[in-house]
Amino acid sequence: MKKNIINHLKILFIVIALLVAIISIVFVLSSCKNSSPVASKTENSSASISSGDSQIIEVTVRGGYSPRRIDAKAGVPTILRMVSDGAYGCETAFYIPKLGISMMLPSSGNTDIDLGSQDKGTKLTGVCSMGMYSFVINFN
Ligand SMILES: [Cu+2]
């Protein structure tokens, strides 16, 4: 009788262990999906803040850069605001090759970069140290 109970407990324990394993696998898979929406965004964006004769372009830095394509005004003073929001890995090593700009971005907080005023038709590319994350600003 006692042995029977122990066997039942063993089976119960195995079932619980399996449930915990399955739940944690599901949790890990869903958190992976949630952690990379920024990198997979490819939507266009206008310069988000634009007041009169200047503009501020905001790019979120987290698991890559977002948005990936940005339309901006040509011929007006432009600030590129890199908004670090839980940034990690190589997207924090940031380059704008055309302007000779390279810097380390913080894991959180804003970094303003003066882009000056760019000519119509200029494309500026921002890229991480390894070149796997990038975004482009089209000035028109
Ligand atoms: Cu990289």
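Predicted model: local features only at pLDDT ≥ 70, side-chain atom pairs only at ≥ 80, totals over all residues.
Residues are numbered from 1 along each chain as its sequence is written. For the protein, the mean pLDDT is 80, and 64% of the residues reach 70 or more.

The protein has two helices and 11 strands, where helices (H or I, at least four residues) and strands (E, at least two) are DSSP runs numbered from the N terminus.

| Strand | Residues |
|---|---|
| β4 | 65–66 |
| β7 | 93–96 |
| β8 | 101–104 |

Strands β7 and β8 pair in the antiparallel sense over four bridges, pairing requiring that DSSP finds at least two bridges between two strands. They form a hairpin with four residues between them, and Gly100 in the turn has a positive phi of about 65 degrees; Ile96 stands opposite Ile101 in β8.

Tyr65, which lies in β4, is buried because 24 other C-beta atoms lie within 10 Å; the cut-off for buried is 20 or more such atoms, with 12 or fewer for exposed and partly exposed in between, C-beta atoms being placed from the backbone. Leaving aside residues up to four places away in sequence, Tyr65 touches Val59, Glu91, Gly126, Tyr133, Ser134 and Phe135. The C-alpha atoms of Tyr65 and Val127 are separated by 8.6 Å, although these residues are 62 residues apart along the chain.

Note on methods
pLDDT = per-residue confidence, 0-100. Contact = placed C-beta atoms within 7 Å.
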